[in-house]
2 protein chains.
Amino acid sequence: MYQDTVDFIRETFQEKEKFIPLHEPLFIGNERKYVLDAIDSTFVSSVGEYVNRFEEMMCQITGAKYAIALVNGTNAIHLSLLLAGVKPGDEVLTQSLTFVATANAISYCNATPHFVDVDKETLGLSPSLLKKYLEKIAVIKNGVCYNKTTNKKIGACVPMHTFGLPLYIDELVAVCNEYHIPVVEDAAESIGSSFKGKHTGTFGLIGTFSFNGNKTITCGGGGAIVTNDESLAKKAKHLTTQAKIPHKWEYKHDAIGYNYRMPNLNAAMACAQLEQLNSYVEDKRVLSDLYFDFYKNNSEIELIREVSEAHANYWLNAVLLKDKTQRDEFLEYTNAKGVMTRPIWGLMNKLEMFKDCPKSDLTNAKYLEERVVNIPSSVRLK
Amino acid sequence: MYQDTVDFIRETFQEKEKFIPLHEPLFIGNERKYVLDAIDSTFVSSVGEYVNRFEEMMCQITGAKYAIALVNGTNAIHLSLLLAGVKPGDEVLTQSLTFVATANAISYCNATPHFVDVDKETLGLSPSLLKKYLEKIAVIKNGVCYNKTTNKKIGACVPMHTFGLPLYIDELVAVCNEYHIPVVEDAAESIGSSFKGKHTGTFGLIGTFSFNGNKTITCGGGGAIVTNDESLAKKAKHLTTQAKIPHKWEYKHDAIGYNYRMPNLNAAMACAQLEQLNSYVEDKRVLSDLYFDFYKNNSEIELIREVSEAHANYWLNAVLLKDKTQRDEFLEYTNAKGVMTRPIWGLMNKLEMFKDCPKSDLTNAKYLEERVVNIPSSVRLK
């Protein structure tokens with residue numbers, strides 16, 4: 001029944017026999033050159049020209065005023081929550097349907113994830129459902145938002161642009177602004193994605209990115225934050241370098257700091273990859289169109305596409321199956337045939353460590369959890 | 001007055017004019033080759049052959065049964081404390097005279113650093129002073145050690161092998177064992193250093209290493225832990241990969257996890273650097289001998305050397321000045337002449353965020369804080 005999918009994917013990736021992964025990195029630009037150059041410079045650690053260049057490129061690409069290179073995307077969320085003022089005991093709103101790193105990073109702040117529902121069409125946090133939910137559970141005292149039930153401060157909201165599909169981020173930020181909740185945008189999967197012409201990660205107070213091995217572009221391990229707030233950008237650099245106060249030789253530190261800066265070796269690769277971002281995203285959008293055409297007359301399988309006014313990087317293409325039984329059959333069949341497919345994440349509120357966290361109605365998240373599957377989405381330029 | 005030091009260092013490093021740094025990395029082996037190979041393999045992220053090879057090499061070099069490659073040394077301490085069972089609210093014994101990362105990592109566990117004194121000759125945590133201190137403040141209930149004054153559990157002890165000089169680690173572990181306190185050995189600076197023929201980092205429950213840019217060997221950013229405990233090693237790999245339970249496609253996570261694994265790109269460089277470790281340490285020991293000969297008849301300046309039965313990597317050579325005034329003059333003079341020197345760290349208990357932490361008498365740490373200065377120590381093989 002799913003043989004046509006297998007055939008189409010093998011045809012599309014021009015690979016008749018071998019295993020086809022979900023996403024593999026592609027190094028066809030200046031990766032080798034820049035990495036060797038970093039080694040020759042002996043500046044391989046967190047100070048170096050490629051780190052500076054990477055940060056400038058991130059500003060150019062996203063349109064943000066400031067970018068800070070970090071060691072990975074998980075730490076980028078953790079740092080951003082600290083910068084947003086999240087304190088131990090706070091609650092932080094986020095999607096129940098997300099990768100576990102989002103919720104883990106909230107836990108690093110000794111804050112509690114508070115799970116809310118997503119929109120079915122974006123797979124991202126729903127502004128309208130959030131608004132209704134906050135009307136019910138939130139109260140504002142002295143300009144600070146509290147959960148009426150738990151009496152805890154709602155310290156931040158972390159929406160996530162799932163698989164690079166932009167969510168309704170402008171409306172989401174508007175709702176959060178109304179409730180004085182700072183937005184940390186998890187754009188880990190959405191480098192190259194924009195909404196209404198503005199890059200994801202630049203709508204909220206801070207945006208976070210990941211350059212892990214499975215992402216659209218990668219530098220082995222890496223992350224970044226972007227912001228338009230100069231004081232936050234300065235504080236970010238300070239906290240991620242063990243909070244050391246500059247001095248010609250003395251060691252003074254004025255806060256609990258972290259070792260979160262991206263090494264120059266990795267930044268060299270990141271610069272080479274960013275140079276190719278546009279062509280990669282173009283290629284991925286062509287692939288999504290091919291999948292769309294292939295599935296458009298299929299009554300069982302639907303390709304998930306960007307919403308109006310969104311421009312997705314289509315990091316990972318995703319299909320919607322009819323139900324969990326069909327989803328499982330699809331997964332079993334395609335993987336058995338050497339074509340890698342993978343279900344969307346399980347809901348966060350089902351995990352042992354988050355099972356007692358507060359949550360809204362999660363109807364859409366539950367619906368999607370049982371039906372969404374990722375299909376091979378590597379860049380095909382070679 | 002310190003012109004002879006400047007002259008000697010310029011002579012020793014065969015550098016007449018240019019700035020001489022404290023420590024610069026040296027890439028004269030297979031660094032370029034292995035890094036390109038990692039790029040060509042497309043496995044640049046946390047799964048890859050160089051990560052495996054690096055872990056095997058760390059086992060061979062240290063003699064530990066298990067090694068786990070991590071993103072940096074700070075995270076290595078954090079992870080080790082979690083593995084050792086440190087819980088929020090615990091106290092963790094460590095040196096007041098250490099780099100801030102040690103104390104920060106304790107804070108990440110929501111535990112409180114409890115500062116103790118060092119031995120003057122090793123610059124590391126003093127077994128004899130610790131023993132006397134614990135006799136006064138500790139009580140054991142049901143096999144668990146508590147601070148009598150605060151009623152908090154003493155969850156671990158983190159001694160640090162300062163500048164690669166081994167401390168009296170066997171005695172230190174014996175004292176901690178007597179009090180049922182697990183030892184996490186901070187060997188960040190001591191790769192290649194041993195005590196009584198055994199590699200530093202292998203005396204306690206877990207040992208931690210750093211491969212930051214300024215270390216004896218570097219991979220841009222990187223760290224590792226070593227242990228002989230199989231269950232801890234397994235748990236370490238689990239927690240550092242977001243605590244994901246292995247499954248052919250499902251996402252299940254059973255604990256708060258972290259993104260702490262070393263990327264294969266960095267591991268490739270680490271393997272090439274580890275291949276050269278022995279020759280680097282040999283070269284550094286020759287340099288220390290040269291400094292020793294130079295300073296041996298100097299009544300004002302004394303080179304700090306390894307104690308009997310210790311074999312130091314002499315990561316950073318250190319001299320002891322007569323007092324703070326002389327130290328400041330030495331720092332001013334040498335740095336003005338383009339020869340980089342740097343004082344040892346300020347005491348942790350003086351920093352704003354740690355000023356209310358419990359502490360023992362710190363006479364030795366205070367003495368050393370005012371007098372110890374690092375001098376240029378790069379590997380000179382070229």
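**Close-ups of a predicted two-chain model**

Chain A averages a pLDDT of 97, and 100% of the residues score at least 70; pLDDT is the predictor's confidence in each residue, from 0 to 100. For the complex, the predictor gives an ipTM of 0.96 and a pTM of 0.97. This is a predicted model, in which local features need pLDDT of at least 70, side-chain atom pairs count only at pLDDT 80 or more, and totals for chains, interfaces and linings use all residues. Residues are numbered from 1 along each chain as its sequence is written, while chains are lettered from A and ligands numbered from 1 in the order in which they are written.

View 1. Chain B superposes on chain A through a rotation of 180° with 0.0 Å of shift along the axis, at an RMSD of 0.0 Å. The two copies are thus related as by a two-fold rotation axis.

**View 2. The contact between the two chains.** Chain B puts 52 residues into the contact, and chain A puts in 52 residues. Here, two residues are in contact if their C-beta atoms, placed from the backbone, lie within 7 Å. On the chain B side, the elements that give two or more residues are α2 (31–41), α4 (73–83), α5 (100–108), α9 (264–275), α11 (324–336) and β15 (342–343). Helices (H or I, at least four residues) and strands (E, at least two) are DSSP runs, numbered from the N terminus. The largest share of that side, five residues, comes from α2(B). By class, the side of chain B that touches chain A has 21 nonpolar, 22 polar and nine charged residues. For those classes, Ala, Val, Leu, Ile, Met, Phe, Trp, Tyr, Cys and Pro count as nonpolar, Asp, Glu, Lys and Arg as charged, and the others, Gly among them, as polar. Since 100% of the interface residues of chain B are also interface residues in chain A, the copies meet through the same surface.

View 3. Domain 1 of chain A covers 3–27 + 277–375 and domain 2 covers 31–275, with bounds from an automatic or database domain assignment. Their centres, taken over C-alpha atoms, are 25 Å apart. In the contact, 36 residues of domain 1 of chain A meet 43 residues of domain 2 of chain A. On the domain 1 side, α10 (277–295), β13 (310–311) and α12 (363–369) of chain A are the elements that give two or more residues. The largest share, six residues, is from α12(A). That side divides into 24 nonpolar, seven polar and five charged residues.

**View 4. A four-stranded open sheet in chain A.** The strand order is β1-β11-β10-β7 (chain A), with mixed pairing; two strands pair if DSSP finds at least two bridges between them. At the edges are β1 (66–70) and β7 (184–186) of chain A, each pairing on one side only. From one strand to the next, the twist averages 20°. β7(A) and β10 (residues 206–210) of chain A run parallel, joined by three bridges. Look for A:Glu185, whose bridge partner in β10(A) is A:Gly207.

**View 5. A three-stranded open sheet in chain A.** This sheet has the order β9-β8-β13 (chain A), with antiparallel pairing. β9 (198–199) and β13 of chain A stand at the edges with a single partner strand each, so one side of each is left without a neighbour in the sheet. Two bridges pair β8 (residues 194–195) of chain A with β13(A) in the antiparallel sense. A:Phe195 stands opposite A:Ala310 in β13(A).

**View 6. The β4–β5 hairpin of chain A.** Four bridges join β4 (residues 138–141) and β5 (residues 144–147) of chain A, which run antiparallel. A:Val139 has A:Tyr146 in β5(A) as its bridge partner. The hairpin leaves two residues between β4(A) and β5(A), and A:Asn142 in the turn has a positive phi of about 50°.

How values were computed
Least-squares fit on C-alpha atoms with pLDDT ≥ 70 in both. Axes fitted to C-alpha atoms, helices over the stretch in contact; angles between N-to-C directions.
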